[in-house]
Amino acid sequence: IHFYKRVVLFIMGNKSSKGALSKEDLDFLMRNTSNSAEEIQEWHKGFLKDCPSGELTKDQFVAMYNKMFPSGNADKFSENVFRTFDTNRSSTIDFREFMLALHVTSSGTPEEKLTWAFRMYDVDGNGSIDMQEMQKVIQGVYQMLGSQDKGRAEEVFKKMDLDSDGTVTEKEFMKACSTDKELMNLLTPNIAQS
């Protein structure tokens, strides 16, 4: 199962009714996802069951990933995913952020998914990926799976740094992933099938 779908299945668990979703949030999510009002309300109930405060903390998120990948260490990878989901940088994921991330990773266009993946690899948020950022994320993936990188990050970075300037821009990332299906599958699972 794709990483993000595992997260959703784990978070959602059994659903129960707690609290209410504001009309503003419901309208926003209906406009910005492919979900109906009923689906959004059901997701909200499940989210509140697992996150009664209405927010998912980084520690909860990391613990959840570690349970899904018990043979590896998911700390680094899950921290990168968490940072990408936490678009307002509040150090928590609220329901809006959760639903938007879920939409992009499961129902978004290939371009939306690549943009989301680029943000995950752009650890410092400066609009480009350097070698250290690429190593950090790829090593996190391999650690989560219980194996070693063995130089894969360097190989991927060289393929993506089209102008050999030591950084990968979003345009280079998109172009490399769009023209190299093997690379796209490695860096952005399940996008090629979309």
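A nonpolar core is a set of buried Ala, Val, Leu, Ile, Met, Phe, Trp, Tyr and Cys residues joined through side-chain atoms within 4.5 Å, where buried means under 20% relative accessible area, exposed over 50%, and partly exposed in between (1.4 Å probe, protein chains only). The model is predicted, so local features need pLDDT of at least 70 and side-chain atom pairs count only at pLDDT 80 or more, whereas totals for chains, interfaces and linings use all residues. Residues are numbered from 1 along each chain as its sequence is written, and side-chain values use heavy atoms, with hydrogens and water left out.

**View 1. The largest nonpolar core and the surroundings of L187.** Of the 53 residues in the largest nonpolar core, those touching the most other members are Y65, M134, M160, F173 and L187. Helix α8 (residues 131-144) gives the most to this core, namely seven residues; helices (H or I, at least four residues) and strands (E, at least two) are DSSP runs numbered from the N terminus. Apart from neighbours within four places in sequence, L187 is in contact (heavy atoms within 4.5 Å) with Y121, M134, I138, V156, M160, F173 and C177.

**View 2. The buried side of helix α10.** In helix α10 (residues 170-179), the residues E172, F173, M174, A176 and C177 are buried. The buried residues of α10 pack against α7 (110-121), β3 (128-130), α9 (152-160), β4 (167-169) and α11 (181-187).

**View 3. E97, a buried charged residue.** E97 belongs to helix α6 (residues 95-107). E97 is buried without a salt bridge, and the nearest side chain of opposite charge, that of R89, is 6.9 Å away; a salt bridge is a side-chain nitrogen of Lys or Arg within 4 Å of a carboxyl oxygen of Asp or Glu, and Lys and Arg count as positive, Asp and Glu as negative, with His and the chain ends not counted. Leaving aside neighbours within four places in sequence, E97 is in contact with F85, D86, T87, N88 and T92.

View 4. D25 and R96 form a salt bridge through their side chains (2.6 Å, N to O), linking helix α2 (residues 23-32) with helix α6 across 71 residues. E24, D25 and R96 are linked in a network of salt bridges. In another salt bridge, the closest N and O atoms of E42 and K45 are 3.2 Å apart, and because these two residues are three apart in helix α3 (residues 37-50), about one helical turn separates them.
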